Amino acid sequence: MRIMRHPILPPINRKEVNITVDGKLVSAIEGEPIASALIAAGIMTFRKTRIRKEPRGYFCGIGLCTDCMMIVDGTSNVRTCITPVREGMRIETQVGLLREDAGC
Amino acid sequence: MSDGIATAGSPSIEELERSPGFPNRKRLIKGPVAVIECVQEIPCDVCGSSCPFDAIKVPSISSLPELDEEKCTGCGTCVPLCPGLAIFLVDYNFSKDEALISFPYEFLPIPKVGTTVDATDRLGRSVTKGRIVRVLEREQFDHTLVVSIAVPKKFTQEVRGMALPRGDGTR
Amino acid sequence: MLTTDVAVIGGGVAGLVAAIEASKFGARVHLIDENARAGGQLFKQIHKFFGSHRHYAGIRGFEIGEKLLEEAQKNGVQTLLNSFVFGIFGKEIGIIENQTGARWLDAKTIILCCGASEKMIVFPGWTLPGVMGAGAAQTLINVHHVSPGKKFLMVGSGNVGLVVSYQMLQAGAEVVAVVEALPRIGGWGVHASKIRRWGVPILTSHTVKEAHGKERVEAATIVALDENWKHVSNSERTLEADVICLAVGLKPNVELPLMAGCETMFLEELGGRVPIHDENMETTEEGIYVVGDCAGIEEACTAIESGRLAGVAVAEKLGYLSKDEAYELKVQIRKILDDLRGGPFGEHRVRAKQQLIERAKILKGLKDE
């Protein structure tokens, strides 16, 4: 969830943008990583593993572990923890390593 | 009873009394005084340069801070400046029955003067009720408030905070 | 081909200070950082820093970040942002810009400030969403103002675990416990005291046994450890938690130093594999230096001073400082580094750093023959 008031930090003053996540409209803040927008919206599962379809999400936060990968604007394996949102971005839960894996 | 800074995460009374920043009982009952609860040698000397009365000495960057009990006037300048939030102001003679304990505070909501709170010890346990007497907010404190609560005198050496309002993650 | 006197790879606190220092003496400096803004860990740090005046003590981390960025700009440091260094070939640096185009930077000297990465431990349920690095959680709350949950279990009581726990409280969350496998707290007492004061339990000789939940963490089972690191039977306790943060140590990022040909050593006290460096922070590769956590896990003050030391050393090597001028400055900085490593928390690191420097002498001596 978003931290609206903080004892130390000044509030973020950037404009809102809209992205879609699996077809649903989600509000995000310009420039924040996709992962941050999803977690703020309560979405913690970013992808599912290929065979057992286990949920995976944000882990290292610095683009090293690849657990946060999702399909972004049609491209698979995008590390959402280091990729900033843009107005109109389409985010999809990735199953396996390729878009095509969603079928199996 | 805590068993110490390295195991319980909070200094025991013995560790405090051994440290050069902790005023002795005689000085404590004389009037407002800084109580420095910094018992481990870490590289930090902010308190030493913060005292307007030169009452705190940090001989070398990794030394323990030393309190000069005579020079300390209990002005409280050091309290919001310590990066470790380890300095308190204690006024034993605040009133006939109460001592005033001032501590650094960096949470929301900002406490309200006059509120009754659960006064807590170094391990976060409620030991008595306290009354918020003062909440100091200054630009030079850089978002560290100094909150002062009045508690019965017998809790002077125990109370170092107050119970936080329960966080529900949506503040 | 872009050329420069000093390529500083990594714009965290050590890199920024090294870049500023070298540029102050007249060197042409390029600072390369993979992020949209330099500053490394500084912008995640909302607490007041320790040390002394020359380490920006008493000032909050993110404010120090602003100051250093300003100073770097004022001193003419050229910054290449959104620039990921994929390789070092001799002194030629390969860079991917904006995840799309490549470019090359030819440097006379290189200062590697690649920082560190979080270590992790595995346990049943560790793959559930909600289990994350403590640093990763810290980025979410302090940079993006997003909390990943309401009840946090912190695994590890080093400074990262303790400080991030405090920052969780500031963000409005609850820290149900800090568990520490050792029989004593790893980090500084003042950090531990401030979370204990606000009601956070710290359980030494404990670890996390399992994370439970269907789509995300819902609970965590913790367990006591005996002197042989074995789980004590019947000591399990299940706590309600929706986030489990792992703060089990940092290790230097040695990929680029290794690729550049630098020799390394395994030193547990410094976080694992560390590039060997001499007392000028120069590695076994001539003209390549390492500073900050990349040269061994320490803290901000030592990162600042090691950055200064390398800045002076490259300025000297490039001829912007005379040998005598450099000597004065280096002696002063080394004394401060010694003082910073005084006290019980620095002992192990002092010995480890000595080992690095001795090994550097031997290896560099061999090279000269």
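How many residues of chain C are in contact with chain A, and how many residues of chain A do they touch? Please stay with that place and tell me what surrounds it.

Guide: Gladly! Please keep in mind that this is a predicted model. To your question: 26 residues of chain C are in contact with 23 residues of chain A. Sorted by class, the chain C side of this meeting place has 10 nonpolar, 12 polar and 4 charged residues. Three elements of chain C each supply at least two residues to that side: strand β7 (116-118), strand β8 (131-133) and helix α3 (134-142). Of these, α3(C) gives the most, with 6 residues.

So let us look at that helix. How many of the residues of α3(C) are buried? The count is 9 of the 9, so the helix is largely enclosed by the rest of the structure. By name, they are A134(C), G135(C), A136(C), A137(C), Q138(C), T139(C), L140(C), I141(C) and N142(C).

Next, step across to chain A. Chain A has 1 helix and 8 strands, and from the N terminus on they run β-β-α-β-β-β-β-β-β. The radius of gyration of chain A is 14 Å, close to the 13 Å that the globule rule gives for 104 residues, so chain A is as compact as a globular protein of that length. Along its principal axes, the C-alpha trace of chain A spans about 45 × 25 × 20 Å. Buried residues make up 36% of the chain's 104 residues. Among the contacts in chain A with a separation of 6 or more, 40% are between residues 24 or more positions apart.

Now back to chain C, and to a neighbour of our helix. At 1.5 Å a residue, the 12 residues of α4(C) should span 16 Å, and the end C-alpha atoms are 16 Å apart, which agrees. In α4(C), 11 of the 12 residues are buried, so this helix too is largely enclosed by the rest of the structure. Among the buried ones are V160(C), G161(C), L162(C), Y166(C) and M168(C). The buried residues of α4(C) pack against α3, β9 (151-155), β10 (174-180), α5 (189-197) and β15 (243-246) of chain C. Just after α4(C) comes G172(C), with a positive phi of about 95 degrees.

Where does this sit in the chain as a whole? The domain assignment of chain C gives domain 1 (2-117 + 250-368) and domain 2 (120-246). The C-alpha centres of the two domains lie 31 Å apart. Contact between them involves 5 residues of domain 1 and 7 residues of domain 2. On the domain 1 side, those residues divide into 3 nonpolar, 1 polar and 1 charged.

Finally, a glance at the other partner of chain C. Here 40 residues of chain B are in contact with 39 residues of chain C. The chain B side of that contact has 17 nonpolar, 14 polar and 9 charged residues. Chain B itself has 3 helices and 9 strands, in the order α-α-β-α-β-β-β-β-β-β-β-β. With 171 residues, a compact globule would have a radius of gyration near 16 Å; chain B has 15 Å, which agrees. Of the 171 residues of chain B, 47% count as buried.

Terms used:
Residues numbered from 1 in each chain as written. Chains lettered and ligands numbered in written order. Predicted model: local features only at pLDDT ≥ 70, side-chain atom pairs only at ≥ 80, totals over all residues. Helix = DSSP H or I, 4+ residues; strand = E, 2+ residues; numbered from the N terminus. Rg over C-alpha atoms; globule rule 2.2 N^0.38 Å. Buried ≥ 20, exposed ≤ 12 C-beta atoms within 10 Å, placed from the backbone. Contact = placed C-beta atoms within 7 Å. Domains from an automatic or database assignment. Nonpolar A, V, L, I, M, F, W, Y, C, P; charged D, E, K, R; others polar. Expected span 1.5 Å × (residues − 1).
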